[in-house]
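Subject: A structure for you to look through

Dear colleague,

I am passing on the structure that we talked about, and below it you will find my notes. Please open it first and keep it beside you as you read.

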Amino acid sequence: LWIRKESEGAWLDTGQTASGPSGAFSFAGFTGDGRYDVAVQTEDGAGNRSPDPAGPGAASLIFDTAAPAGGVISAPAYGALGPIALTYSGVEDGLAGVARVRLFASKDGGPWSDTGVSGAAASGPLAFTPAQGQGVYAFALQGEDRAGNVAPVPTGAGLASTAVDAAAPAGGTLTVPAYAAQAPIAVVYGGLADAGGSGLDSVELWVRKGQGAWAFSGVAASE
């Protein structure tokens with residue numbers, strides 16, 4: 001069995017031999033991460049030996065002991081209980097390449113846990129559903145490469161966070177004139193509160209005539 005590290009160039013006899021037309025070797029003498037070419041040199045019972053390997057060899061492999069690193073996450077400041085759209089990018093692995101990126105989450109500063117959501121590239125979209133209800137969720141990434149190297153479980157504050165607000169705004173009063181002869185009329189509202197913490201985004205005015213059905217008037221105010 002012969003091997004060479006592409007960055008070094010020279011073929012080396014590993015000293016391993018086998019007999020028979022097929023078999024297997026077990027090689028552990030790598031001299032660091034990189035791409036390696038592999039070849040065999042054969043000899044028959046009469047002592048005829050094939051030439052020393054040259055060129056690219058019969059096969060090649062990547063020896064990679066480093067896990068993927070880096071990465072950023074883009075997350076909305078606020079979200080509801082439905083799926084939250086996230087995007088990640090920048091996960092790097094210089095040799096074997098990224099095989100999977102797992103999304104980890106921490107609620108309200110608690111322990112990090114694997115969400116079960118993952119991507120199969122160095123960047124892409126993710127959809128996270130906050131099963132633990134309202135709170136602030138921090139997000140982080142754990143990369144795995146094609147050689148099986150897995151980055152450590154995340155620690156610290158994470159890469160991004162989203163405050164999940166599960167409560168709709170409540171309360172509020174309306175003031176309207178008792179009588180009107182022409183439109184438009186002034187409708188004054190106040191006292192609305194959002195206990196979930198994300199704040200009011202918009203207020204829609206609904207109306208109905210007599211005992212009919214309520215319908216959106218098309219009038220809305222935004223904060």
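Among contacts in the protein between residues at least 6 apart in sequence, what percentage join residues at least 24 apart? The value is 57%, where a contact means that heavy atoms lie within 4.5 Å.

Before going on, please note that this is a predicted model, in which local features need pLDDT of at least 70 and side-chain atom pairs count only at pLDDT 80 or more, while totals for chains, interfaces and linings use all residues. Residues are numbered from 1 along each chain as its sequence is written, and side-chain values use heavy atoms, with hydrogens and water left out.

The overall picture

The protein has 0 helices and 16 strands, counted as DSSP runs and numbered from the N terminus, with helices being H or I runs of at least four residues and strands being E runs of at least two. Its radius of gyration, at 32 Å, is well over the 17 Å that the globule rule gives for 223 residues, so the protein is more spread out than a compact globule. For that comparison, the radius is taken over C-alpha atoms, and the rule is 2.2 Å times the number of residues to the power 0.38. Along the principal axes, the C-alpha trace spans about 115 × 35 × 30 Å.

Of the 223 residues, 27% are buried; here buried means under 20% relative accessible area, exposed means over 50%, and partly exposed is in between, with a 1.4 Å probe and protein chains only. The protein exposes about 13,700 Å², of which carbon and sulfur atoms supply 55%, as given by the Shrake-Rupley method with a 1.4 Å probe, where for residues only the protein chains shown count as cover.

Aromatic rings

Rings of Phe, Tyr and Trp (its six-membered ring) are paired if their centres lie within 6.5 Å, and planes under 30 degrees apart count as stacked, over 60 as edge-to-face and the rest as tilted. By this rule the count is 6 aromatic pairs. One of them joins Phe30 and Phe63, which are stacked at 4.0 Å centre to centre with 10° between the planes. This pair links distant parts of the chain, since Phe30 lies in the loop between β2 (12-13) and β3 (34-39) and Phe63 in strand β4 (residues 59-63), 33 residues apart. Phe30 counts as partly exposed at 22% relative accessibility, and Phe63 is also partly exposed, at 26%.

A tilted pair is formed by Trp206 and Phe216, with 6.3 Å centre to centre and 40° between the planes. Trp206 belongs to strand β15 (residues 202-207) and Phe216 to strand β16 (residues 215-222), 10 residues apart. Trp206 is partly exposed, with a relative accessible area of 43%, and Phe216 is partly exposed at 39%. Ring pairs also link Phe27, Phe30, Tyr36 and Phe63 into a cluster.

Gly34 lies in strand β3 and counts as buried at 10% relative accessibility. Leaving aside residues up to four places away in sequence, Gly34 touches Lys5, Leu61, Ile62, Phe63 and Leu95. The C-alpha atoms of Gly34 and Lys5 are separated by 7.0 Å, although these residues are 29 apart along the chain.

Pro53, in the loop between β3 and β4, is buried at 14% relative accessibility. With residues up to four places away in sequence again not counted, Pro53 touches Trp2, Trp11 and Ala39.

Val101 is placed in strand β8 and is buried at 0% relative accessibility. Its contacts, not counting residues up to four places away in sequence, include Tyr88, Val91, Val117 and Leu141. The C-alpha atoms of Val101 and Gly71, 30 residues apart along the chain, are separated by 9.6 Å.

Two points in the backbone

Most residues other than glycine have a negative phi, and most peptide bonds are trans. Asp108, however, has a positive phi of about 55° although it is not a glycine; Asp108 lies in the loop between β8 (98-107) and β9 (113-119) and is exposed, with a relative accessible area of 52%. A cis peptide bond, with omega about 0°, joins Ala183 and Pro184, and Pro184 lies in the loop between β13 (170-175) and β14 (188-193).
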